[in-house]
Amino acid sequence: MKATLKGKYDVDKNGAAFANIAVNAGDVKFRASVTEATFINGPSLTGLALAVEKPGSFIVDYNVPKKDFRFQFMNTVRVGERPLNLTYAHSRGDNRTVLDGTFVYDSANKVSANYALDSGNCKLKYTYVHKGLTTFEPAYDVAKNTWDFAVSRRVYGGDDTLRASYQTSSRVLGVEWSRNPKHTAGFKIVASVNLAEEFKAPKLVAETTWNFEM
Amino acid sequence: MKATLKGKYDVDKNGAAFANIAVNAGDVKFRASVTEATFINGPSFTGLALAVEKPGSFIVDYNVPKKDFRFQFMNTVRVGERPLNLTYAHSRGDNRTVLDGTFVYDSANKVSANYALDSGNCKLKYTYVHKGLTTFEPAYDVAKNTWDFAVSRRVYGGDDTLRASYQTSSRVLGVEWSRNPKHTAGFKIVASVNLAEEFKAPKLVAETTWNFEM
């Protein structure tokens with residue numbers, strides 16, 4: 001049994017908390033997620049979500065207050081001996097369906113396409129990993145006709161990652177520092193600034209994650 | 001490459017034809033299906049459907065005239081070392097989602113549950129195979145609060161099957177004889193009668209199937 005506790009500080013929205021408990025049962029995993037809203041006025045179903053997952057195969061999420069299901073299925077097919085990873089996601093209440101395909105040319109080069117059946121929008125992304133440490137991710141949004149860019153690098157022995165991203169359509173530049181060690185608390189700090197609002201202060205979000213094994 | 005040609009005779013609706021062509025490509029299969037409506041006024045998209053399938057994993061169907069997708073995903077999870085076969089089916093345009101679970105206790109005993117998320121209806125079925133030849137299938141429809149029954153038996157060396165069924169809600173008794181040999185034409189003859197209309201003639205449908213390997 002695994003548990004995750006997450007604390008989040010956002011200069012705009014104050015603090016938030018999130019907890020996740022997962023239990024293995026054979027080849028599936030049952031998971032319950034809560035937010036602080038579940039407890040803030042005594043125990044309630046607000047912010048409660050349940051899930052059943054077979055790792056690598058499917059996830060079924062149930063949002064208890066909304067009474068809504070989300071289904072996700074993952075599959076791999078071989079194209080000329082290379083894997084094409086396919087993901088289908090369906091949010092039933094919203095009637096939203098998204099298909100995602102990632103073609104793995106080799107460990108350094110990947111191409112992804114994401115297609116939303118409802119809006120018809122398509123996003124393409126190329127992921128290039130340089131010497132296993134630096135990742136470049138240009139992405140193209142077909143509907144907006146814009147390019148987004150991201151670069152990330154693993155530092156300090158590999159548990160830490162620095163990431164910079166720029167979203168052309170919103171003109172938002174983001175910088176992120178995250179640490180995800182195996183056995184101690186992890187954290188993430190994100191600073192973002194809208195380059196169209198030159199004199200506004202950057203937005204700052206800090207998040208800490210504790211993992212427990214019981 | 002495989003092709004199937006099917007001819008159908010229905011005393012109420014005259015003849016119909018259906019053809020299916022499937023091409024294997026690695027671990028997926030591409031399939032096109034047409035009906036006689038596709039050709040009846042010169043070639044058209046009427047009655048045309050396309051599909052891509054990874055056997056045992058997923059099927060994506062595209063109905064060309066309706067411009068509609070149907071997604072089906074199949075998965076197996078183990079419950080106490082016995083397989084629970086799960087199927088998810090989503091017709092996007094209709095926004096219909098159906099979940100089906102079949103628990104295989106042993107080769108002779110199976111229990112199935114079928115749940116339509118939209119109507120909320122649930123159907124339960126127990127399948128018992130007696131000495132590998134005779135199959136009994138009582139089924140319960142929760143919404144209608146009715147039981148349906150079916151019995152089938154393999155005869156004449158195993159390629160032929162006789163089946164009798166009774167649907168309580170519609171009071172329809174059906175008798176079916178089908179033959180599905182590996183290398184020659186198969187057929188199916190179905191006679192059904194509504195027991196609430198004692199003096200009406202039975203409805204008769206005959207169908208012949210040819211399989212080709214190219």
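Guide: The discussion below takes the contact between the chains, then one residue. Please bear in mind that this is a predicted model.

Visitor: What area is buried between chain A and chain B?

Guide: The size of an interface is often given as the accessible area lost when the parts come together. Here, about 1800 Å² is buried between chain A and chain B, and carbon and sulfur atoms give 59% of that area. Chain A brings 21 residues to the contact, and chain B brings 21 residues.

Visitor: How many residue pairs in polar contact are there between chain A and chain B?

Guide: Eight residue pairs, both members at pLDDT 80 or more, are in polar contact between the two chains. Salt bridges between chain A and chain B number zero.

Visitor: Which elements give two or more residues to the side of chain A that touches chain B?

Guide: These are β6 (68-79), β7 (82-91) and β8 (96-106) of chain A. The most comes from β6(A), with seven residues. Sorted by class, this side of chain A has ten nonpolar, six polar and five charged residues.

Visitor: With which residues is T76(B) in contact, leaving aside its neighbours within four places in sequence?

Guide: In chain A they are D27(A) and K54(A); in chain B they are P83(B), L84(B) and N85(B). The side chains of T76(B) and N85(B) are joined by a polar contact of 2.9 Å.

Notes: Residues are numbered from 1 along each chain as its sequence is written. Chains are lettered from A and ligands numbered from 1 in the order in which they are written. This is a predicted model: local features need pLDDT of at least 70, side-chain atom pairs count only at pLDDT 80 or more; totals for chains, interfaces and linings use all residues. Side-chain values use heavy atoms; hydrogens and water are left out. Contact means heavy atoms within 4.5 Å. Buried area is the accessible area (1.4 Å probe) that two parts lose on being put together, summed over both. A salt bridge is a side-chain nitrogen of Lys or Arg within 4 Å of a carboxyl oxygen of Asp or Glu. A polar contact is a pair of N or O atoms within 3.5 Å; within protein, one must be able to donate a hydrogen and the other to accept it, and residues adjacent in sequence count only if both atoms are side-chain atoms. Helices (H or I, at least four residues) and strands (E, at least two) are DSSP runs, numbered from the N terminus. Ala, Val, Leu, Ile, Met, Phe, Trp, Tyr, Cys and Pro count as nonpolar, Asp, Glu, Lys and Arg as charged, and the others, Gly among them, as polar.
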